[in-house]
Amino acid sequence: MLYINECLTNNTPIKLVNVDNKRSLFEPVEPKVYFKKFNHAEFIGEELANIRNIHCSHYFIAGLTRFRINKTLPCSRIDKYSPTIGIGSYDFKNSNKEYKLISEYDVRDDNGFESMLKHAKDEDNKRLLCRDMLELLALDLYMGQVDRSNVNVMFEEDKTDNVRLAPLYDFEYSLNNIYHDFNSISNNSLYSFDNIDDCKDFIGKYPMFRDILSSYLDVNLVDVISRAYNKRGLVIPSDKWNFYIDFDQNQKEKIKRIVK
């Protein structure tokens with residue numbers, strides 16, 4: 001388990017956010033900030049998504065306070081605001097698009113993937129939507145995500161009725177061995193893989209999945225984590241690295257069995 005106080009330095013930038021998202025009249029209007037408790041996997045998930053050019057929410061260190069303030073200060077200067085330190089993200093919704101959770105579509109419980117493809121406007125849209133969902137499935141499989149459910153798989157529809165996967169969010173229940181279901185490879189509201197054979201059968205239908213999944217064999221998770229945390233002025237305690245190295249190795253062994 002990684003705690004936020006282990007990662008902070010005096011210079012870590014903290015974005016102070018009012019409990020009610022209220023601001024001074026003199027401050028510029030910004031998108032709404034969502035606040036949640038700290039979890040090590042959110043920053044890592046965003047960085048991994050960036051590698052694959054997957055649209056994703058942007059996460060930052062935030063301090064939730066009762067004061068009406070909207071500014072970023074170094075950690076050494078925030079005590080007087082008595083903030084609760086956690087993770088913030090901006091509302092990614094575009095006013096020109098409509099957003100729906102997967103539960104708002106007519107999808108089969110056992111195969112949301114193919115059900116969603118039927119909602120594509122045309123073949124071009126179907127190809128792009130298919131790739132979107134394959135990217136999500138591969139990322140979640142590599143990260144050991146166990147909580148990709150009806151409440152955190154969202155789609156966006158533009159004015160011409162194209163359907164695409166909305167920016168990803170919520171990586172909280174991943175990158176942790178205690179979440180592993182040893183009776184399943186990956187549980188996902190789009191498509192669940194019970195075993196290696198399920199994965200191979202899926203690759204038979206969607207060969208691109210092999211290439212996307214194989215790309216994670218080239219990922220250096222230590223570099224990814226270092227980059228994600230350095231960007232935010234955070235440090236990782238030296239005694240935590242062995243966990244990430246072992247996790248990365250175990251997930252890659254699983255992927256090798258799937259794609260060989």
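## Exercises on helix faces and loop residues

Among the elements that cover the buried residues of α5 are α3 (112-117), α4, α6 and α8, where cover rests on contact, meaning heavy atoms within 4.5 Å. Helices (H or I, at least four residues) and strands (E, at least two) are DSSP runs, numbered from the N terminus.

The model is predicted, so that local features need pLDDT of at least 70 and side-chain atom pairs count only at pLDDT 80 or more, whereas totals for chains, interfaces and linings use all residues. Residues are numbered from 1 along each chain as its sequence is written, and side-chain values use heavy atoms, with hydrogens and water left out.

**Exercise 1.** Determine which residues of α5 are buried and where they lie around the axis.

*Solution.* Begin with accessibility, for which buried means under 20% relative accessible area, exposed over 50%, and partly exposed in between (1.4 Å probe, protein chains only). In α5, the buried residues are Ile196, Cys199, Phe202 and Ile203. Because these residues cover an arc of only 120° around the axis, they are on the same side of α5; the arc is that of the directions from the helix axis to the C-beta atoms. Turning to the other side of α5, one finds Asp197, Asp201, Gly204 and Lys205 exposed.

**Exercise 2.** Check the span of α8 against its residue count, then describe its buried residues and what covers them.

*Solution.* Helix α8 runs over residues 241-259, and its 19 residues, at 1.5 Å a residue, should span 27 Å; the expected span is 1.5 Å times one less than the number of residues. The C-alpha atoms at the ends of α8 are 27 Å apart, which agrees with that expectation. Next, list the buried residues of α8, which are Trp241, Tyr244, Phe247, Asp248, Gln251, Lys252, Lys254, Ile255, Ile258 and Val259. They lie on the same side of α8, because the arc that they cover around the axis is only 160°. Finally, their cover includes α2 (40-51), α4 (123-143), α5 (196-205), α6 (208-214) and α7 (221-230).

**Exercise 3.** Locate arginine 108 and give its distance from serine 189.

*Solution.* Arginine 108 lies in the loop between β6 and α3, where a relative accessibility of 46% makes it partly exposed. Although arginine 108 and serine 189 are 81 residues apart along the chain, their C-alpha atoms are separated by 9.5 Å.
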